[in-house]
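Please look over the sequence and the model below before reading on. The paragraphs that follow begin with a few strands and then turn to domains and to the meeting of chains.

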Amino acid sequence: MGPDTDKTIFSSYVRKEGLFDEVFGKDGNVKSVYQKLLDLYGSRSIDDYVTLNNKAKSSFFNQGITFQVYGDKQSQEKIFPFDLFPRIIDPKEWEIIEKGAIQRSLALNHFLWDVYHDKKIVKDGIVPIELLSSSPNYLHQMMEVDPPSKIYNHISGTDIIKHSDGDYYVLEDNIRCPSGVSYVICNRTALKRALFGVFNHYKTHTVTDYAENLLNLLESVKPPGVDSPVCVVITPGMFNSAYYEHSYLAKAMGVELVEGRDLFVENDFVYMKTTQGPVRVDVVYRRIDDLFIDPMEFHPDSTLGVPGLFAAYRKGNVTLANAPGTGVADDKAIYTYVPDIIKYYLDEEPILKNVHTYHCSRPDELQYVLEHISELVIKPVDEAGGYGISIGNKLTKEEIEQVKVKLKANPRKFVAQPIMSLSVHPTYIDQKESFEQRHIDLRTYTVLGQDKQFVLKGGLTRVALQEGNLIVNSSQGGGSKDTWVLKQ
Amino acid sequence: MFYEYEIDYDTQNSYEKGLSEAFWQFMVIPEDNETQEVTYWHFENDLGERNSVSENGLGFKTVQVRSKQVIDHIKFNAHFKLKKKEINPFGFDLPLNLEDELQILNSIDFKVDHEPYLRKTSLTTLPEQHRDIFLFDSDKSIFENLTDLNYWTFDHIFFKVGVTNVDTPLAEIIEKRQGVCQDFTHLFCAIAKYNGVPCRYVSGYLHQGIGFFGDSQMHAWAEAYVPNVGWLGFDPTNNLLVNHNHIKVCHGKDYNDCAPLKGVVYTLGNNETKYSVLVRTAQEQQQQ
């Protein structure tokens with residue numbers, strides 16, 4: 001049965017009590033930033049919408065914009081579920097997000113410098129030493145190393161949600177190899193194709209210049225003494241879930257995409273093998289995790305990295321972005337200290353709020369968590385991609401007991417947070433052939449360079465496609481929306 | 001007074017199926033420190049490839065060799081001349097009373113400054129069931145406790161080659177009571193750290209006197225940090241405090257930070273590694 005031709009886009013849209021809807025106010029009125037969009041498309045039929053949406057989707061598939069999910073029985077390329085209906089952010093709200101994301105990234109950069117040098121924040125009793133000494137991402141080898149321009153977290157992905165109270169909260173900081181930015185750009189490209197007329201009515205900041213700006217900043221953190229740096233993107237290879245993004249960014253920046261075996265190190269300089277002979281490499285945008293970048297220094301049996309790369313880095317002959325060892329600052333146990341970290345280094349109040357977090361490593365907090373599992377989200381401190389998360393109110397009694405056993409066995413590995421009610425956004429659901437409310441978050445991309453920084457004016461709005469689901473990661477069945485940041 | 005040493009490190013690695021690309025890193029160069037100074041070094045490999053001197057992540061010198069040809073073996077030789085000072089193992093004051101020592105050990109600044117060598121690794125974590133195998137005596141100074149631990153380790157483990165390897169877990173070493181210098185050192189480090197004393201694994205050469213264990217191989221011992229004194233060397237394999245016969249190459253959290261040879265080779269099939277070490281004083285040299 002096909003969709004009803006006289007059904008308009010929102011004719012069967014149900015707004016649930018207690019959820020914060022991004023498009024409709026409590027009174028049911030359309031919020032001002034969406035008004036124009038609804039004026040233009042609100043009276044169109046669902047059929048029209050589906051036609052447009054399918055066109056956009058096929059353009060994704062044709063461009064090969066796919067990802068893989070780990071742990072599937074057979075690994076398979078999927079297209080990232082995409083929904084044409086954009087999320088629109090008002091300039092005033094964006095200003096808060098932008099300032100808040102930069103503030104966080106700068107403070108975390110100060111934190112990284114400090115924990116790899118004087119460790120004042122620990123000696124002053126703000127951050128407990130145990131959080132560092134128990135973190136596998138706190139790299140002994142980075143002690144006293146001065147990264148070029150003193151920058152560690154060149155690229156940060158900050159995950160932000162809007163709670164039902166209407167305020168933005170940071171859910172987590174990703175400062176190892178945050179991914180997803182290629183979807184931001186491809187979403188925009190697809191939307192411009194499908195809905196080109198709309199962009200005449202909205203003054204939206206562009207996102208398609210991201211790669212150019214990124215290259216600019218990567219070049220600004222080149223090693224001292226290099227005039228025009230050669231940059232490369234290094235990928236673990238085509239079996240990595242974000243391989244599409246690695247190749248996209250390399251192509252968009254106009255630099256080579258390499259794997260470990262395409263590079264070699266000699267006399268502490270890094271070279272790329274080419275048909276014209278070796279070419280010296282100065283800046284490596286690396287999408288390989290710390291422990292795999294150099295088998296001489298880290299996991300000895302990894303062939304993903306480049307032997308000798310770390311020695312070249314330590315010597316200052318090559319820049320790695322992000323710097324090795326950033327993982328110590330995006331550990332979810334460190335997350336709780338970010339407001340204190342901001343105050344300590346910047347002497348400022350945090351602009352973006354943190355979600356209250358319980359540390360299972362503290363006996364009294366562990367006790368609270370064990371007694372209130374059904375009201376909490378339990379997260380492993382060092383996993384990315386939404387793996388290993390348990391949402392208390394979705395667990396059966398049996399599962400709760402299993403979680404308790406895990407928590408007691410390894411309390412340092414877990415934190416817990418109250419279940420936040422992420423805002424919802426009208427999202428087209430294929431199976432229902434209609435728009436429904438779905439929870440969303442926003443991943444922003446902040447880039448730090450030599451004396452300059454920017455937040456990509458847009459970001460990845462991730463949608464939890466299952467009704468009521470709060471986990472938005474693409475690896476957990478999430479989709480995405482184009483995100484428009486309006487000009488003032 | 002100075003001792004003058006000559007050291008030879010020789011290795012041969014053979015690869016059954018041959019290699020088209022390989023990278024080796026040797027951590028065999030003695031460090032320059034207050035008690036020793038390298039006056040000459042020479043490296044040679046039979047592939048005709050460049051021997052590049054670099055540094056590892058903790059700042060110790062390495063030699064790197066990269067092969068770009070199809071080969072089935074590499075021979076590598078390092079030759080050093082070194083001057084070593086006489087060391088008096090007791091050449092320091094034990095200035096503090098026990099209370100002050102403990103106070104320093106428990107202070108946050110101390111724990112932060114020495115975090116890397118208080119951090120437990122898989123090779124230096126005491127197994128749960130052996131936590132109390134050697135507890136420090138609160139009526140003795142840290143130094144006395146460490147000396148006792150040195151003797152205890154020497155006494156507890158019987159030196160035997162071929163029973164353990166670099167991956168043998170500590171529990172097995174404690175239970176079998178057999179092992180080589182690495183095992184003695186890991187056990188010493190694990191116990192010192194468990195008692196709150198920073199401790200690191202040292203790799204180096206031992207000039208063998210009569211009856212010392214150490215063989216014609218790289219040797220391993222430990223350095224522990226005594227408040228207000230600094231790092232002191234303990235050789236639990238021989239129940240010695242380190243002296244002029246111990247020539248240090250590098251230190252780290254455990255063996256994995258100090259492996260004399262690391263390599264990345266792209267090959268199928270087996271490989272075989274042989275190496276030998278010869279340490280002589282200049283006098284011995286003349287007698288030959």
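Two strands are said to pair if DSSP finds at least two bridges between them, and strands (E, at least two residues) as well as helices (H or I, at least four residues) are DSSP runs numbered from the N terminus. This is a predicted model, in which local features need pLDDT of at least 70 and side-chain atom pairs count only at pLDDT 80 or more, while totals for chains, interfaces and linings use all residues. Residues are numbered from 1 along each chain as its sequence is written, and chains are lettered from A in the order in which they are written.

In chain A, strand β9 (residues 269-272) is joined by 2 bridges to β10(A), the two running antiparallel, and Met272(A) has Val279(A) of β10(A) as its bridge partner. These strands belong to an open sheet of 3 strands, ordered β8-β9-β10 (chain A) with antiparallel pairing. Because β8 (263-266) and β10 (279-280) of chain A each have a single partner strand, they stand at the edges, and one side of each is left without a neighbour in the sheet.

Chain A is divided into domain 1 (98-161 + 202-346) and domain 2 (356-418), with bounds that come from an automatic or database domain assignment. Taken over C-alpha atoms, the centres of these two domains of chain A are separated by 30 Å. Their contact (C-beta atoms, placed from the backbone, within 7 Å) takes 6 residues from domain 1 of chain A and 7 residues from domain 2 of chain A.

Between the chains, the contact takes 24 residues from chain A and 21 residues from chain B, and on the side of chain B α2(B) gives the most, with 4 residues.

Methods. Contact = placed C-beta atoms within 7 Å.
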